[in-house]
Amino acid sequence: MGRSRRTIPEELLLLALDPTTGTTAQPQSLDLGLAGAQLVELALAGRIAPDGDRIAVVMPRPTGDPTLDSALELLRRRGSPVRAVHWIGGPRLGLRQIYLAHLERCGMVHAVAGQMCGVLPTTRYQATDTAISREIRARLDSAIRTGVPPDPRTAALAALAHAVGLGKHLYPGNEGRSSRSRLRDLIRHDPMGGLVAHAVMDVQNGVAAQPRRDRAPAPPPPARATANGVPMQARRTGAMARAAAH
């Protein structure tokens, strides 16, 4: 995969990067969103495809992007389709830092060292070219404003931005309420983006890992038997009946 086109994980991270503070919005959920963004990018590259609520590898050939190829290889090793919610809810901690370092290597951001309270070392990230972030944001704004169905890449980016809670960062306050609602509505324009966005939200909401099934009513507990094999409850009922007869 060439570098002429930014990947969805890269764009999601650039959207989340606050140009004023140099930190990312929604850091707790952003790792989940980046894991989902990897799935969408691999699907757009023809390497994986949705199979119900599962993800199946259809072409294991590397893309040329090291971070995506690492995810593709992990999916291939599973041997069978994996549920999107399982994949996204798996051990993905640190993905945000991996992509920040990746963006720095690609020259899209640069790290700024600092200190918190004059003691604790910190690292903030500033976009090297703010025009890139503005262009990404303009695509979302256009889709929200015009109501025209966006291209699959923009639709998936919108779905993931909503899923990780970036709506309130991009369109804050009461004046941004309608834009946040339209951002959420863009989920329906890309099936793969919608699948992973819902999986991201399910993981955040603590949805059970296994599919929900209709459960049959539990059978009554077995009666406790006495030494001669007669259920205790039956013996008590019989004794009460005999006492009443006398």
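Helix H1 (residues 8-16) packs against helix H6 (residues 130-146) at an angle of about 100°, and their axes lie 10 Å apart. Here helices are DSSP runs of H or I with at least four residues, strands are runs of E with at least two, and both are numbered from the N terminus. Axes are lines fitted to C-alpha atoms, for helices over the stretch in contact, with angles from 0 to 180 degrees between N-to-C directions. H1 and H6 are therefore roughly perpendicular to each other, a term covering angles of 65 to 115 degrees. H1 contributes Glu11, Leu14 and Leu15 to the contact, while H6 contributes Ile132, Ser133, Ile136, Arg137, Arg139 and Leu140; contact means heavy atoms within 4.5 Å.

The model is predicted: local features need pLDDT of at least 70 and side-chain atom pairs pLDDT 80 or more, whereas totals for chains, interfaces and linings use all residues. Residues are numbered from 1 along each chain as its sequence is written, and side-chain values use heavy atoms, leaving out hydrogens and water.

In helix H5 (residues 95-105), the buried residues are Leu95, Tyr99, Leu100, His102 and Leu103, buried meaning under 20% relative accessible area with a 1.4 Å probe, protein chains only. These residues cover an arc of only 160° around the axis, which places them on the same side of H5; the arc is that of the directions from the helix axis to the C-beta atoms. Just after H5, glycine 107 adopts a positive phi of about 80°.

Overall, the protein comprises 11 helices and 5 strands. Of its 246 residues, 39% are buried. Among contacts between residues at least 6 apart in sequence, 65% join residues at least 24 apart.

Definitions and conventions:
Parallel < 35°, antiparallel > 145°, perpendicular 65-115°, else oblique. Buried < 20%, exposed > 50% of the residue type's maximum accessible area, 1.4 Å probe, protein only.
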